[in-house]
Amino acid sequence: MSKPVIILGGGGHAGVLVETLRLTGSKIVGITDPSFQKGTLLYDDIPVLGSDESIKEYDPSKLLLVNGLGPSPKENSREVLSKQFTTLGYEFLSVIHPSAYVSPNAIIEAGAQIMAGAVIQNGCSIGFCSVVNTGSIVDHDSNVGDYSHIAPGAVICGGVKVGRGVYVGTGSVVIENLSLGNNSLLAAGVTLRKNLKIGELFYGT
Ligand SMILES: CC(C)(COP(=O)(O)OP(=O)(O)OC[C@H]1O[C@@H](n2cnc3c(N)ncnc32)[C@H](O)[C@@H]1OP(=O)(O)O)[C@@H](O)C(=O)NCCC(=O)NCCS
């Protein structure tokens, strides 16, 4: 049985995580979100604990955190938030939806979130606090770096190296054996046939 969890952020991405955590039997202590009054109940019965600062009232050895901020293409607040609490000694739970297929020969790092219907094949690794979102595919021997996002329905073919802090837009396809440099961005619905440099934004063709 895993330790109880606190979710950071009470928006749409957090709501999806709440359903997954309920399915996997996690005990949710509460949610931090400054836009709600302390004590407000979200998602039926989960109390808002206050701002993110309220986490510091809890012993880091007694619970795990779940980063509920939705990944955003052009800013890194998920990464900033994760680092803030990692530095303070808190650990992040990896969340895997029961309908995802994760090869027994794949490595899923702490804090990674594998959403409903995602497929992660053999020889893959998914980095710290990354999101492999609904219905996306990471095919064999691909690596996804820390704090990256594979958006819903995207397909990463075999042997691809996705760097750190990369955003692969929804419905995009990355053909095999390419590299996407750290902090690069692939727009939604694009087929990528070339490597992306560090920080490169690619909108297609
Ligand atoms: C790449 C992206 C971040 C650009 O957003 P933006 O900076 O606000 O860009 P704009 O919408 O202002 O568009 C800028 C230009 O790029 C083009 N463009 C934007 N997205 C594009 C795409 N996916 N494919 C092709 N062209 C695109 C626009 O048509 C526009 O062209 P113009 O200057 O000739 O009019 C955004 O389009 C995108 O793909 N986001 C990812 C969405 C996603 O995956 N969501 C998943 C949520 S879980």
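Tutor: What follows is a walk around helix H1, from the helix itself to the parts of the chain next to it.

The model is a predicted one. Its chain is divided into domain 1, residues 5-87, and domain 2, residues 95-197. Helix H1 covers residues 12-23 and belongs to the side of domain 1 that touches domain 2.

H1 has 12 residues, and the distance from its first C-alpha to its last is 17 Å. That is close to the 16 Å expected at 1.5 Å a residue. After the helix comes Gly25, which has a positive phi, near 80 degrees.

Next, which residues of H1 are buried? They are His13, Ala14, Leu17, Val18, Thr20 and Leu21. An α-helix has 3.6 residues a turn, so residues three or four places apart point the same way.

The cover over these buried residues of H1 comes from several strands. Among them are S1 (5-8), S2 (28-32), S4 (46-50) and S5, together with S6 (95-96) and S9 (113-114).

Four of these names return in the sheet. It is an open sheet of 5 strands in the order S3-S4-S2-S1-S5, and its pairing is mixed. S3 (41-42) and S5 are the edge strands, each pairing on one side only. Between S1 and S2, which run parallel, there are 4 bridges. Leu8 stands opposite Thr32, a residue of S2.

Now turn to the other domain. The C-alpha centres of domain 1 and domain 2 are 23 Å apart. Their contact takes 14 residues from domain 1 and 13 residues from domain 2. On the side of domain 1 that touches domain 2, the elements giving two or more residues are H1, strand S5 (64-67) and helix H2 (77-87). H1 provides the largest share of that side, 5 residues. By type, the residues of this side of domain 1 divide into 7 nonpolar, 5 polar and 2 charged.

To sum up, H1 has buried residues that include Leu17 and Leu21, strands including S1 and S2 cover its buried residues, and H1 gives the largest share of the side of domain 1 that touches domain 2.

Notes: Residues numbered from 1 in each chain as written. Predicted model: local features only at pLDDT ≥ 70, side-chain atom pairs only at ≥ 80, totals over all residues. Domains from an automatic or database assignment. Contact = placed C-beta atoms within 7 Å. Nonpolar A, V, L, I, M, F, W, Y, C, P; charged D, E, K, R; others polar. Expected span 1.5 Å × (residues − 1). Buried ≥ 20, exposed ≤ 12 C-beta atoms within 10 Å, placed from the backbone. Pairing = 2+ DSSP bridges.
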